[in-house]
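Here are my notes for someone opening this one for the first time. Have a look at the sequence and the fold, then read on.

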Amino acid sequence: MTYKNYSLKQLQAIDAAHHLHPFTDHKELRQAGSRMIVRADGSYIYDSEGNEILDGMAGLWCVSVGYGRKELAEVAYEQMLELPYYNSFFKCATPTSVLLAKKLAEIAPENINQVFFGSSGSESNDTALRLVRHFWALEGKPNKNRIISRKNAYHGSTVAGVSLGGMELMHGQLGGAVPNIVHVMMPYAFEVAEPGESEEAFGLRAAKSVEDAILEAGADNVAAFIGEPIMGAGGVKIPPANYWKEIERICRKYDVLLMLDEVITGYGRTGSWFAAQTYGIKPDTITTAKALTSGYLPLSALLVGDRVAATLVEKGGEFFHGYTYAGHPVACAVGLRNIEIIEREGLVERVRTDTGPYFEQQLAERISGHPLVGETRAIGLMGAIEIVKDKDTRERFLPSGSAAVVVRDHAIANGMMLRATGDTMILSPPLIWTRETIDIACDRILKALDLALADLKG
Ligand SMILES: Cc1ncc(COP(=O)(O)O)c(C=O)c1O
């Protein structure tokens, strides 16, 4: 590899001179310099200085089968030699995209049998937004086009993704969102529940905010509700157990489509193929990406329910939408093999019955008692640690988010990659983690918390 001819300092200088990073303060980055990740194996990443770091984030919520899977490289290589690219426009298709679509229909909730491919979660949410509005137009209800989403939701970084999302800082830089998208409260009891309010009562209240938004607009003007089953980038916010069933009931009552964004939760993370199955609901669309290929190649898939697909097919007429790389044959070949690996190794089952419950238990038993921790929570292999200044009052350190960065920096320096978002540490490890890996992670997180405590209270 040619990068080996460069020192870290040289690479950092080139990076600073030419490379604009996602979600980055470039002034700050140019002072600090990038950490160069140069290789990875299994659950570990390695930087240019030889540091080994346990990857508690599976890259960016995506490397579910872990790093270094030769068969994914081989299948990509073979497909590249045979057919590196062809599009799915103009009445064409490629075998791997067709077969992957079939496979996804098999593992999706039973009301879902169609797939629209893209290359990223953001792209597929654009597709989802356009498709549900197109659906209602085909149904003769073009005014039924309002989308209800939630505050603090993350649905990607394209204009439609940001508009669907509820992140204030992102909206602040948008200069005009896609019209007719509104945001209701998030179902996050730790921050939003009233004192003394039960989980159940809070879950119903959070769902009722969706009903209120439907009634305010008039059901004839509301196309869909969109939500991440578990808010990911917003801080792994797990809703009360009754929330999603109630949301589904409300959507059906007012004939509002239910769109799930499973870009993070899809493909096994919560212990089912999709969180829709974990919560026992049947959405009309499911956005997926990331773990579809374990991040080895960019690929996303919007899973489309029978009702929406039937109208699209029966009413006919061109849906003026699609991407050059939709159904990319190499990415689809990798996606197929990736799902085969997840099946062969029983990873979804393992998360549901073994590592998921153990992960939640270890966070609760070993981490939640730490003086800096207000709450731990997990579902499947997705977890969060709330950083607080005072465990009893839940007072946070100021400025907001600053303490979590201290914990994160100590964690990375001590061989543990996790992410800080606001005052929350988040974890989304590869699904190949075992109980032993979870133990190592907890050791390293505890060490980081102790070091951070000394810094913050010392
Ligand atoms: C729930 C959710 N939706 C959409 C996206 C956007 O995906 P991408 O970054 O592939 O565009 C993300 C990315 O993290 C996500 O977490």
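1. H10 and H11 are roughly parallel to each other (that label covers angles under 35 degrees), since their axes cross at roughly 20° and come within 9 Å. H10 spans residues 199–217 and H11 residues 243–253. Axes here are lines fitted to C-alpha atoms, for helices over the stretch in contact, with angles from 0 to 180 degrees between N-to-C directions. Helices (H or I, at least four residues) and strands (E, at least two) are DSSP runs numbered from the N terminus.

2. What makes up that contact (heavy atoms within 4.5 Å)? From H10 come Gly-203, Leu-204, Ala-206, Ala-207, Lys-208, Val-210, Glu-211 and Ile-214, and from H11 Tyr-243, Glu-246, Ile-247, Ile-250 and Lys-253. By class that is eight nonpolar, one polar and four charged residues; Ala, Val, Leu, Ile, Met, Phe, Trp, Tyr, Cys and Pro count as nonpolar, Asp, Glu, Lys and Arg as charged, and the others, Gly among them, as polar.

3. A word on the source: this is a predicted model, where local features need pLDDT of at least 70 and side-chain atom pairs count only at pLDDT 80 or more, while totals for chains, interfaces and linings use all residues. Residues are numbered from 1 along each chain as its sequence is written, and side-chain values use heavy atoms, leaving out hydrogens and water.

4. H16 (residues 402–413) packs with H17 at about 135°, axes 8 Å apart. Ala-403, Val-406, Val-407, His-410 and Ala-411 of H16 meet Ala-448, Leu-449, Leu-451, Ala-452, Asp-455 and Leu-456 of H17. Nine of these contact residues are nonpolar, one is polar and one charged.

5. Now the open sheet: four strands run in the order E1-E2-E3-E13, with mixed pairing (two strands pair if DSSP finds at least two bridges between them). E1 (37–41) and E13 (416–417) are at the edges with a single partner strand each, so one side of each has no neighbour in the sheet. H17 (residues 435–457) packs on the sheet, touching E2, E3 and E13, and its direction makes about 115° with that of E3.

6. Finally, the structure has 28 salt bridges (a side-chain nitrogen of Lys or Arg within 4 Å of a carboxyl oxygen of Asp or Glu). One of them joins Arg-69 and Glu-345 at 2.8 Å, N to O. These two sit 276 residues apart, Arg-69 in the loop between H3 and H4, Glu-345 in the loop between H14 and H15.

Methods:
Parallel < 35°, antiparallel > 145°, perpendicular 65-115°, else oblique. Contact = heavy atoms within 4.5 Å.
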